[in-house]
Amino acid sequence: MKKVFVSRRVEKKLNKGQIVLEEIDFPDLSETDQEVELFSQDKQFLGKAYLSRQNKGIGWFVTNQKVSFDQVFFENLFTKAKLKRSTYYQDDLTTAFRLFNQEGDGFGGMTLDLYGDYVVFSWYNSYIYQLRQQILAAFVQVFPEVLGAYEKIRFKGLEFESAHIYGQEAPDNFTILENGVLYQVFMNDGLMTGIFLDQHEVRGSLVDGLAMGKSLLNMFSYTAAFSVAAAMGGASETTSVDLAKRSRELSEAHFHANGLALDHHRFIVMDVFEYFKYAKRKGLSYDVIVLDPPSFARNKKQTFSVAKDYHKLISQSLEILNPGGIIIASTNAANVSRQKFTEQIDKGFAGRSYQILNNYGLPADFVYNKKDESSNYLKVISMKVTK
């Protein structure tokens, strides 16, 4: 077991509850993909961590206890995680939710998502991928009811994205329930599954009637899950806009799954900023606009960054929003604080006033590290324009 003596700066960071380890914390490190014991400069044991390069940094602090990352260790973690989600298991209207959420559940670098009878493991670095056999063995012990498992390998590159790893294989396309709405999902088709589970409370507000009797525009719609939720909640019409050509087929599948006719629901394959121009030219306007862009995007004409450009989405939405309309502004950019996000929204409003209807962060199944704001990466604000 390698012993690493950390600087006082790192010791203070750990004491504050920040557990992502960064390259700057280990300037002399020559190798990663290993578990380590961390000690202070005065040789006091601080805890166990592992080092492995990933998008968040160079590793994770795990525990201040002397433990081994073996099957029993993961069985204990999974048992606690399952207990935290007891209310989800008792909910007959929802069959898909997160079972294990990285550092929030005690081990950074992996997530587990339940889709009906199947689970999806996501691995975010090569060290945790090396531990997958004992992790899978522990999972089977704690979740024997799960019929089959898939993995999403998020650090190797596009040729190693997805695989079936044990048990039964799911149908190519099947449906899960969320807030009583059916969504068609796919387990083994790249890194995506057809729905982002962290948005289920926001979709729930639409199912509960936030857009009842209203027209809704869903920008960066992916598979139009917000649109389906709104339609099931009584929206009079929806328009879903996404640049990906496949989005239309995937979106229509959700509507068909719920027996919804497509007469009042449109699917547009177009760049979002081009659609704003198109809507203005055609005199189109909407009662509710959903804005949920990627953190960063680039096309032939321009780049988009939530941190710098979100205000443009707000200002252009206001130009096609009906009086008294609602904007649902969303981002999953961990590098943008809620304050910075609100500043971007205010910049877009340019002095116009709005009333906040609801503020959302991660739902309860996405347990996060409450001592690290960036761990609660989801920020959604629904607001009604008042002037």
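Predicted model: local features only at pLDDT ≥ 70, side-chain atom pairs only at ≥ 80, totals over all residues.
Contact here means that heavy atoms lie within 4.5 Å of each other. Val202, Arg203, Leu206 and Val207 in helix H6 meet Ala225, Phe226, Ala229 and Ala230 in helix H7. Sorted by class, the contact of H6 with H7 holds seven nonpolar residues, one charged residue and no polar ones.

How are two such neighbours described? Two packed helices are described by the angle between their axes and the distance between the axes. For H6 (residues 200-207) and H7 (residues 225-232), the angle is about 30° and the axes are 7 Å apart. Angles under 35 degrees count as roughly parallel, so H6 is roughly parallel to H7.

Attention now turns to empty space. Rolling a probe the size of a water molecule over the atoms shows where such space is left. Across the whole structure, one cavity of 30 Å³ or more is found, and the largest cavity contains about 30 Å³ of space. Its lining is made up of Asn173, Gln184, Phe186, Thr223, Leu250, Ala253 and His254. Helix H8 (residues 247-257) gives the largest share of this lining, with three residues. By class, the lining has four polar residues, three nonpolar ones and no charged ones.

Aromatic rings complete the picture. The whole structure contains 28 aromatic pairs. In one of them, Phe73 and Phe107 have ring centres 5.9 Å apart and planes at 65°, so the pair is edge-to-face. Phe73 sits in helix H2 (residues 71-84), while Phe107 belongs to the loop between strand E6 (96-101) and strand E7 (110-115), so the pair ties together parts that are 34 residues apart in sequence.

Conventions
Residues numbered from 1 in each chain as written. Heavy atoms only, no water. Axes fitted to C-alpha atoms, helices over the stretch in contact; angles between N-to-C directions. Helix = DSSP H or I, 4+ residues; strand = E, 2+ residues; numbered from the N terminus. Parallel < 35°, antiparallel > 145°, perpendicular 65-115°, else oblique. Nonpolar A, V, L, I, M, F, W, Y, C, P; charged D, E, K, R; others polar. 1 Å grid on protein atoms, 1.4 Å probe; cavity = no way out; pocket = protein on both sides within 12 Å on 5 of 7 lines; lining within 4 Å. Points joined across faces, edges and corners; volume = space filled by probe spheres on them. Phe/Tyr/Trp six-rings, centres within 6.5 Å; stacked < 30°, edge-to-face > 60°.
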